[in-house]
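The sequence and structure are shown first.

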There are 2 protein chains.
Amino acid sequence: MEHLYSDRVKQLKASEIREILKLTQQPDIISFAGGLPAPELFPIEEMKVVTQKVLSEMGQEALQYSTTEGYDPLRTKIAKRLLNVGIEANKDDILITNGSQQGLDFTGKIFLNPNDVVLCESPSYLGAINAFKAYECGFKEIQTDNEGMVLSHLEEVINHTPNAKFIYVIPDFQNPSGRTWSEARRKGLVAIANKYNLVIIEDNPYGELRFEGEMIGSIKSFDTEGRVVYLGTFSKTFSPGLRIGWVLASPNVLNKYIVVKQGADLQSSSISQRELNQFLEMYDFDAHIANIKKVYKTRRDLMIETIKSEFPKEAEFEIPSGGLFAWVKLPNHVNTKEVLVKAVENKVAFVPGGSFFPNGGQENFMRLNFSNMPEEKIVEGITRLGKILKDVI
Amino acid sequence: MEHLYSDRVKQLKASEIREILKLTQQPDIISFAGGLPAPELFPIEEMKVVTQKVLSEMGQEALQYSTTEGYDPLRTKIAKRLLNVGIEANKDDILITNGSQQGLDFTGKIFLNPNDVVLCESPSYLGAINAFKAYECGFKEIQTDNEGMVLSHLEEVINHTPNAKFIYVIPDFQNPSGRTWSEARRKGLVAIANKYNLVIIEDNPYGELRFEGEMIGSIKSFDTEGRVVYLGTFSKTFSPGLRIGWVLASPNVLNKYIVVKQGADLQSSSISQRELNQFLEMYDFDAHIANIKKVYKTRRDLMIETIKSEFPKEAEFEIPSGGLFAWVKLPNHVNTKEVLVKAVENKVAFVPGGSFFPNGGQENFMRLNFSNMPEEKIVEGITRLGKILKDVI
C-alpha cells in the first residue's frame, strides 16, 4: 500500500537517533536528553484538590464536549498573564491547544504550501522542524549570535527567498542554544517582517523560567501590524502531561487556527482546562514558578560548573540565563552521534546537536537538559561525559 | 496577509450554519443539533475516585511527558475489548488519539494529496468531511440503502476514479443516517478494497450503543490484507471531555500515524489516559454502557413515536437500532436550512442535512439527536418541529 501514502508522509523519515534515545528510558540511565520538567515539583496535592472541586462543582460540564476556542475563564487568565511579557490581550485573542506543539503543527497547516520556506534560527527546535516538514516546506537557517538572529543575514536571505512565508523564532532561552534575544533585535525583527510582509511565529515555552536579569518584552509586544503569532504553554510551568498550550494571534489569523483546530480534534480536554483554571484561582502560580526557577537555577549552576571542570578545554558554551538547556560546541571533527553511542554504553544520554539544524551538516554540538536530573546525577553524568569527550578529542 | 495562507486553508470556509447553531447554546433551547452524550450519565463519582487514586499512586508519571503511542495498560485494555467486534489485536496495534476526530485528521494527512478522492457514504459524517477537506481532496458519494453502501455503485465509481485513495465508512448506527451495514456488505467491501488496492477507514464511535439485534463483526474483523484502519473512541461510552480515542491499523500503517501524532502534539494527555485506565480496572464498564443504552433506547423510542404522531405524513424515516441519531427525509422542495431558522425562533434546533453531503445539493433532510435531551423535552421539541414542518409542506 506504499503508493497510497500522501507525498507529505512519504518524505517523512523516522529520526535516526530515536532508537538510541529509546534506550535512555532505562531507569538506571542519567538522561540529559529529554526536555522534561522536574517531576518532583509537580503540584500533585494541589491537583488532588482541584480535580475534586471541578468534578463536584461542574462535573457534567467538565466531562462533556465544549467549545473549540477553549474554556473562557482560562483564556481570560492567560490573557491577563501575558501582560508579564508586555502583551495586551483579551480572551478572544486566544485559542487553547494541546501543548504548543499543536500550535506549531497548525502553523504549518495554515501557512505552508509545498516548497514554501521557513526562516528559522540556526540551530532551531527539533519538534518545530518536524511539525513544519510534514507540510513539505524547505528551511533557510539564519545565523545567530548571543543577541538573537543576525538581522543583516536575515534580510539578505529574504531577498533571495521569494517563497518565504514566516520567520520562526524562540527568543527566550532558546531550544537548543539557551540564548535570549536582545530588545533591539526583537524590534528589528518586527520591522523586517513589516517591510517584507512576512509572519513571525514567536514560540515562548520557557520565558517564565528566567533565573537572572530583567525580563525583555516579547516580540509580540512590539507587533504593530498584527503579524506576530505567539505560542505559549503550561508544560514547563505546570505539567506537560495535561497538554495545555495556547495560540495568540490577531482576529483574522486566529480564526484560521480555530477552523483548523475544529477539524483536527474538535477541542482540547474540557476537564483539564477546568482543572488548570481552578489551580490558577486557588493557588499562587507565581510562587510555584519561583520554586521551579530556584531548583533549575541550582541545577544549571551545577551543570555549568561541572562542565567547566570536567569537559575538555576545547568545549565551548554560554551560560543560559533561564530555561532548560545548555548547549555545547565541540571541535568540528567530533561527531556527537558517535559520542552518544559511547555515552549510552556508559549509562548517560544527551541529544546530538545535528537534529537541530534542519539542513544538516553540523554534528559537533550537544544539547544538555539540566531540569530533569537531581543534583548528584548531574555531577556524575557530566563527569562521565567529560571522560568520553576527552577520549575522542 | 491573506496571500500568505496555504492553499489548503484558503479553500476552507466557515460553516454557513455555524452561526445559527451557536444560538442553540442558549439554555432555554431544546437542541437535537449536537452529537452530545447525556451528561447526567457521566460517571462523576467514579471519576472522583480514580483521579485521587492516579494522583496518589502515580502522580509524577501522570503529570509528566509520556510516550507518543499512549499508556500501555490502556492500549492493552482497548485491544482486549476489540474482541467484542471480532478483532484480535494487541497493544502495539493501537495509537491513542484525542478522540477519533484526531484519527480522521491524521488519515487525511497520511493518505491525501491535493485532488485525491475520498469515497464515502452518501450522506457521511460532517466532521470527517471537514477533516479531509483540509487536505484539498475531492469526494465521491456512494449510494446507500439500509444494508450499507451499494457495492455495485462503489465499484462503478472506483473504475472511473483513478485517484481514489480510501473508502471512508461508519458501518454501525451511521452519523447521520442511523443505518447499520449488513455482514454481507462488510465482507463485500473488503473484497472490493482488496481487488482495487484501496484502504478502508472504518469509523466506529457508536458501535457499542446497540439497543437491539445481534452485533455484527466490524469490517476490520474481515480484513485479510491489513488494509482496514479502525477508529474508536471513548467519547460516547465514557466522556467526550477527556478526548480519548484510538487508531488500530497494521504495523506499517500505524507507524505513519505515530510519526504524524508526534509532529502534531507529541502525545495525548498522560493523566486522562491513566484515569480512564483506572476506571476500566475498578468499575464494570459493560454495566455502565448497558445503563447508557437503556436511557438512549427510551429516548429513541419516544422520539420516533413523537415523529410518527406529530410530523407531517410526508416525512420519511427509519428506526435506528443504536447510536445517537434519527434522520428524516422531507419532500424535495423543503429546504431544512430555512426550517432551522424558524425552528430556532421557536427555541428548538437540529442540524440541516445538507452539510452531510460533501458535494451538496440535498437540502431536504434533518438530523435529530436523541441522546442529549430528557424525555419531556424530546416530546415538546419534536412537537414544535412538527408544527413548523406542517406549515412548510
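## A pair within one helix

In chain B, B:R75 and B:D72 both belong to helix 4 (residues 72–81), where they stand 3 residues apart, a separation of about one helical turn. In this predicted model, their side chains meet in a salt bridge with an N to O distance of 2.8 Å. B:R75 counts as buried because its relative accessibility is 5%, under the 20% limit. B:D72, at 33% relative accessibility, is partly exposed.

A second salt bridge joins the side chains of B:E375 and B:R299, at 3.5 Å from N to O. This pair connects distant parts of chain B: B:E375 lies in helix 13 (residues 375–392) and B:R299 in helix 11 (residues 285–310), 76 residues apart. B:E375 is partly exposed, with a relative accessible area of 28%, whereas B:R299 is buried at 3% relative accessibility.

In chain A, the side chains of A:R185 and A:D145 form a salt bridge of 2.9 Å, N to O. A:R185 counts as buried at 15% relative accessibility, while A:D145 is partly exposed at 26%.

## Salt bridges overall

Over all chains, the structure contains 56 salt bridges. Side chains of opposite charge can pair when their charged atoms come close.

## The interface of chains A and B

Contact between the chains involves 74 residues of chain A and 74 residues of chain B. The area buried between them is about 6800 Å², and carbon and sulfur atoms give 57% of it. A:L4, A:L63 and A:Y65 together supply 11% of the area that chain A buries against chain B, more than any other three residues.

Polar contacts across this interface, counted at pLDDT 80 or more for both residues, number 45 residue pairs. Across the interface there are also 2 salt bridges. The side chains of A:D105 and B:K109 meet in a salt bridge of 2.7 Å, N to O.

## The side of chain A that touches chain B

Several elements of chain A give two or more residues to this side, namely helix 1 (7–10), helix 3 (44–63), helix 5 (99–111), helix 9 (251–265) and helix 10 (270–282). Helix 3 of chain A provides the largest share, 11 residues. By residue class, the side of chain A that touches chain B divides into 32 nonpolar, 28 polar and 14 charged residues.

Terms used
Residues numbered from 1 in each chain as written. Chains lettered and ligands numbered in written order. Predicted model: local features only at pLDDT ≥ 70, side-chain atom pairs only at ≥ 80, totals over all residues. Heavy atoms only, no water. Salt bridge = Lys/Arg side-chain N within 4 Å of Asp/Glu carboxyl O. Buried < 20%, exposed > 50% of the residue type's maximum accessible area, 1.4 Å probe, protein only. Helix = DSSP H or I, 4+ residues; strand = E, 2+ residues; numbered from the N terminus. Contact = heavy atoms within 4.5 Å. Buried area = accessible area lost by both parts, 1.4 Å probe. Polar contact = N/O pair within 3.5 Å; in protein donor to acceptor, adjacent residues only side chain to side chain. Nonpolar A, V, L, I, M, F, W, Y, C, P; charged D, E, K, R; others polar.
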